[in-house]
Amino acid sequence: MGNYLVAMEAAWLVRDVGEIDDAIGVAVSEAGKRLNSEDMDYVEVEVGATGCPACGEPFDSAFIAADTALVGLALEMEVFNADGEEHASRIAKSEVGGALRDVPLSVVEIFETDADDE
């Protein structure tokens, strides 16, 4: 049994928005509210990063068209006593996916953590 930090990515739609910063703020706030309403304040939520196709430098993962934004959110959750990476991945997706219904969610990375990190 091991402990794992599971990093996930979610695609969040924000309607009736004109500025990238506003879209990011709304997406992070709404995701946080939904997670906190399920007593999941242990899940870290922040805006994701996308690499520039030209230079490779990361920038905020958000795009606006027709006053509708698609914001990529980065979510992190620690999973304790999992049988392996696949098990930790399934636990994290089940927990977060239950709170963020109808939000596309995928696991990006899984890191094994030491038991002393608790």
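Asn3 is located in strand 1, where helices (H or I, at least four residues) and strands (E, at least two) are DSSP runs numbered from the N terminus. The structure is a predicted model, in which local features need pLDDT of at least 70 and side-chain atom pairs count only at pLDDT 80 or more, while totals for chains, interfaces and linings use all residues. Residues are numbered from 1 along each chain as its sequence is written, and side-chain values use heavy atoms, with hydrogens and water left out.

With a relative accessibility of 6%, Asn3 counts as buried; buried denotes under 20% relative accessible area, exposed over 50%, and partly exposed in between (1.4 Å probe, protein chains only). A polar atom of the Asn3 side chain lies 3.0 Å from the backbone nitrogen of Asn81. A polar contact is a pair of N or O atoms within 3.5 Å; within protein, one must be able to donate a hydrogen and the other to accept it, and residues adjacent in sequence count only if both atoms are side-chain atoms. Asn81 itself belongs to strand 6 and, although not a glycine, has a positive phi of about 55°. Most residues other than glycine have a negative phi.

The protein contains two helices and seven strands, in the order β-α-β-β-β-β-β-α-β from the N terminus on. Its C-alpha trace spans about 50 × 35 × 20 Å along the principal axes. Of its 118 residues, 34% count as buried. Among contacts (heavy atoms within 4.5 Å) with a separation of 6 or more, 74% are between residues 24 or more positions apart.

Strand 6 (residues 68–82) pairs with strands 1, 2 and 5, as follows. Two strands are taken to pair if DSSP finds at least two bridges between them. Strand 1 (residues 2–15) runs antiparallel to strand 6 and is joined to it by 13 bridges; within this pair, Leu13 stands opposite Leu70. Strand 2 (residues 44–47) is likewise antiparallel to strand 6, with four bridges, and Val45 of the pair faces Leu75 as its opposite residue. Four bridges also link strand 5 (residues 62–65) to strand 6 in an antiparallel arrangement. Here Leu70 is the bridge partner of Phe63. The hairpin formed by strand 5 and strand 6 has two residues between the strands, and Ala66 in this hairpin takes a positive phi near 55°.

A further positive phi, of about 60°, is found at Asp39, which is not a glycine. Asp39 lies in the loop between helix 1 and strand 2 and counts as exposed, at 63% relative accessibility.

A nonpolar core is defined as a set of buried Ala, Val, Leu, Ile, Met, Phe, Trp, Tyr and Cys residues joined through side-chain atoms within 4.5 Å. The largest such core has 30 residues, and those with the most contacts inside it are Met8, Trp12, Leu35, Val71, Leu73, Leu75 and Val96. At least two residues of this core come from each of strand 1, helix 1 (20–37), strand 6 and helix 2 (85–99). Strand 6 supplies the largest share, seven residues. Apart from neighbours within four places in sequence, the contacts of Met8 include Leu73, Leu75, Met77, Ala92, Val96, Leu105 and Val107.

Helix 2 has 15 residues and reaches 21 Å from its first C-alpha to its last, close to the 21 Å expected at 1.5 Å a residue; the expected span is 1.5 Å times one less than the number of residues. Ala88, Ser89, Ala92, Val96 and Ala99 are the buried residues listed for helix 2. These residues lie on the same side of helix 2, because they cover an arc of only 105° around the axis, the arc being that of the directions from the helix axis to the C-beta atoms. The cover over the buried residues of helix 2 includes strand 1, helix 1, strand 6 and strand 7 (105–113).

Ala99, in helix 2, is buried with a relative accessible area of 9%. Not counting residues up to four places away in sequence, Ala99 touches Arg34, Leu35, Glu38 and Met40.
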